[in-house]
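Open the model in a viewer and follow the stops below in order. Each stop says what to select and what is found there.

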Amino acid sequence: METVQKQKKQMLYLPLIVLMFTQIGTSGDNAVLSVATNALISALHASMNDIQLANMVYSLCAGAFMVAGGMLGIIIGWKKNFRIGVILAIIGEVMLAISTNVVMFTWGGRLLVGLGASFMIPSVLGLIPGIYSGKERVFAFGAIGAATGIAAAAGPIVAGFLLDAFGFRIAFGAL
């Protein structure tokens with residue numbers, strides 16, 4: 001009986017790890033853009049204003065549609081909502097990685113990643129109460145908060161390493 005409880009407890013960590021990586025990815029996206037500014041200006045023949053707009057598009061899109069993403073999660077379910085967000089974010093990150101100009105980068109990639117984030121972030125917060133209860137729920141919310149801190153602290157460092165070693169396309173592709 002004790003072995004079954006240990007296995008059940010271990011299985012609860014897998015969804016939490018996925019949710020933490022989601023939080024790191026959505027929080028770290030702007031860090032990659034900030035560190036990649038010079039590379040983007042060179043590769044995409046962009047101006048600083050173009051890069052600032054790309055930075056704003058993600059944040060404004062994610063913020064503007066966050067309530068709608070949360071309401072949709074309540075209607076269709078958090079898992080389905082999460083999957084939609086992941087698909088949008090993956091398509092957006094691929095567009096960012098293959099962008100040949102700043103218009104595709106901003107209005108294709110950044111817009112889709114922002115929309116994906118507007119689905120994923122409420123889903124992360126909606127899935128936790130459905131999966132965890134009691135002390136496990138408290139731990140899970142703490143882990144999501146820690147993931148945000150990790151993204152803020154380590155995001156620029158990891159992004160800088162990826163940019164120096166592989167270029168901005170791999171850095172965005174890794175997200």
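Select Thr106 to begin: with a relative accessible area of 2%, Thr106 is buried (under 20% relative accessible area; exposed is over 50%, partly exposed in between, with a 1.4 Å probe and protein chains only). The model is predicted, so local features need pLDDT of at least 70 and side-chain atom pairs count only at pLDDT 80 or more, while totals for chains, interfaces and linings use all residues. Residues are numbered from 1 along each chain as its sequence is written, and side-chain values use heavy atoms, with hydrogens and water left out.

Thr106 sits in helix α7 (residues 102–131); helices are DSSP runs of H or I with at least four residues, numbered from the N terminus. Leaving aside residues up to four places away in sequence, Thr106 touches Asp50, Leu53, Ala54, Val57 and Leu111 (contact means heavy atoms within 4.5 Å).

Next, select Asp29 and Arg110. Their side chains meet in a salt bridge (2.1 Å, N to O), defined as a side-chain nitrogen of Lys or Arg within 4 Å of a carboxyl oxygen of Asp or Glu. Asp29 lies in helix α2 (residues 13–35) and Arg110 in helix α7, so the pair ties together parts 81 residues apart in sequence. Asp29 is buried at 0% relative accessible area, and Arg110 is buried at 0% relative accessibility.

Last, select helix α5 (residues 66–76) and helix α6 (residues 78–98), which pack at an angle of about 135° with axes 7 Å apart. Among the contacting residues are Gly69 and Leu72 in α5, and Trp78 and Ile84 in α6.

Definitions and conventions
Axes are lines fitted to C-alpha atoms, for helices over the stretch in contact, and angles run from 0 to 180 degrees between N-to-C directions. Helices (H or I, at least four residues) and strands (E, at least two) are DSSP runs, numbered from the N terminus.
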